[in-house]
Amino acid sequence: MDNAGTTKMAEECLKVYRKYACEEFFNPSALSSESNQIASLLAETERLFLAKLGASDGNVLFTGCATESNNLAIKGSIRKGDWEYVFSVGEHPSVYNVAKKLEADGYKVIFLPLEKDGRVNLQYLEEVLNEKTRLISIMHVSNETGAINDIEKISKIKEKFAPKALLHVDGVQAFMKIPVVLRKTAVDFYSFSAHKIHGPKGIAGLYVKNKGGLKELFQGGGQQYGLRSGTENVPAIMQFRKAVELVNIEKNYEKVKNLKKCFAEIVAAGGVKCADFAGSPYILNLVFDGVKGETMLHALDQNGVVIGLGSACSAKKAGNRVLEEIGIAKDVIISSARVSFSANQSVEEIETAARIVVETYKHIKEKVS
Ligand code: PLP
């Protein structure tokens, strides 16, 4: 029940790895005909990803993780001068901590507050944007709450108030889960990751609208338009492609919506509160009145149900920055936990998990009261 943390890789991806690691293992930058074939395959794969992103122009870079994609988009956009960098406070640590570092290094960084429903406050966005804004970074779907930011609306605000600014969107919890149509937006960079959609770990992507607007983070052989040097991880890229090809966004969306409803009904009947953040069906926040979320996590772990407390990267730290920023009371945050769904789960699995959650909660509550 922690699919926003990571997912189980689809079996189909294993065969793909073998093919491109042990048989068609050639370096796409070399000059042999085999290498040329791999280079063409990568070009075709890039086009496929652009189509999945609904982009009519631009490029896709393959990176080692979305953390790298986020770092590349942000750090690669920094320029000397009196520029301003705008971030939402609700960002994943792979964006938020980069913003904090920029601030510590003396850059002018502005943080956007969140609304009660978990989305970015767009009124505030309008107010802070100006001709000095260099970069805006706002996530598409929150990994903590599932809240969906309207990137078309954000694009319009950017075009009106800061037309020269670059727009980065962390799309990790949105890609292949909700429709993404970048051609309808002014998005310059869009990050996404394979291991959230039943692909392998260690491979991710960054959509780049205009290559000229980005600087590379490290120098090397000049692969991937000089923006991400290093021999391409062809087997993993092809596994990522396979994972993408296995997804039917609409069908999965409907299925997961039903799984979430089913789970929420059972746990709510058992006294567990479900927080209502309008957004992705893939994520649900729970509040266990009178019991710590962490206590529930460990007890459920013993009972065979894996849940999350939020971002895996921050799970070991106390509190929850994003829920705090939304204005949720400290005692409620302490009692909160996150469950997240996958279309590969069955209704039976979800019902069983929900029942175990209820039984575990009742058992602990009786003990503490
Ligand atoms: N951004 C969001 C919204 C995430 O949920 C995650 C993963 O938890 C990341 C970025 C980081 O992705 P990766 O694990 O590929 O570095």
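**Ligand contacts and helix packing**

An oxygen atom of the ligand lies 2.8 Å from a polar backbone atom of Ala-66. The structure is a predicted model, and the distances and angles reported here were computed from it. For Thr-67, a polar side-chain atom is 2.6 Å from an oxygen atom of the ligand. For Asp-170, a polar side-chain atom is 2.6 Å from a nitrogen atom of the ligand. The ligand has 14 residues around it, of which Thr-67, Asp-170, Gln-173, Ser-193 and Lys-196 come nearest.

Helix α12 comprises residues 347-368 and packs against helix α9, residues 293-302, with the two axes 10 Å apart. The angle between α9 and α12 is about 120°. Angles from 65 to 115 degrees count as roughly perpendicular and those over 145 as roughly antiparallel; α9 and α12 are therefore oblique to each other. Their crossing is right-handed. On the α9 side, the contact is made by Thr-295, Met-296, Ala-299 and Leu-300, and on the α12 side by Ile-356, Val-357, Thr-360, Tyr-361 and Ile-364. This contact of α9 with α12 contains 7 nonpolar and 2 polar residues, and no charged ones.

Helix α12 also packs against helix α8, residues 249-269, at an angle of about 25° and with the axes 9 Å apart. Angles under 35 degrees count as roughly parallel, so α8 and α12 are described as roughly parallel to each other. The crossing of α8 and α12 is right-handed. Helix α8 contributes Asn-258, Leu-259, Cys-262, Phe-263, Ile-266 and Val-267 to the contact, while α12 contributes Val-347, Ile-350, Glu-351, Ala-353, Ala-354, Arg-355, Val-357 and Val-358. By class, 11 residues of the contact between α8 and α12 are nonpolar, 1 is polar and 2 are charged. Val-357 of α12 takes part in the contact with α9 and in the contact with α8.

A further pair is formed by helix α2, residues 33-52, and helix α7, residues 234-245, whose axes cross at roughly 35° and come within 11 Å. The crossing of α2 and α7 is left-handed. From α2, the residues in contact are Ile-38, Leu-41, Leu-42, Glu-44, Thr-45, Leu-48, Phe-49 and Lys-52. These meet Val-234, Ile-237, Met-238, Phe-240, Arg-241, Val-244 and Glu-245 of α7. The contact of α2 with α7 is made up of 10 nonpolar, 1 polar and 4 charged residues.

How values were computed: Residues are numbered from 1 along each chain as its sequence is written. This is a predicted model: local features need pLDDT of at least 70, side-chain atom pairs count only at pLDDT 80 or more; totals for chains, interfaces and linings use all residues. Side-chain values use heavy atoms; hydrogens and water are left out. Axes are lines fitted to C-alpha atoms, for helices over the stretch in contact, and angles run from 0 to 180 degrees between N-to-C directions. Helices (H or I, at least four residues) and strands (E, at least two) are DSSP runs, numbered from the N terminus. A crossing is left-handed if the near helix is turned anticlockwise from the far one by less than a right angle, and right-handed if clockwise. Contact means heavy atoms within 4.5 Å. Ala, Val, Leu, Ile, Met, Phe, Trp, Tyr, Cys and Pro count as nonpolar, Asp, Glu, Lys and Arg as charged, and the others, Gly among them, as polar. A residue is near a molecule or strand if one of its heavy atoms lies within 4 Å of it. A polar contact is a pair of N or O atoms within 3.5 Å; within protein, one must be able to donate a hydrogen and the other to accept it, and residues adjacent in sequence count only if both atoms are side-chain atoms.
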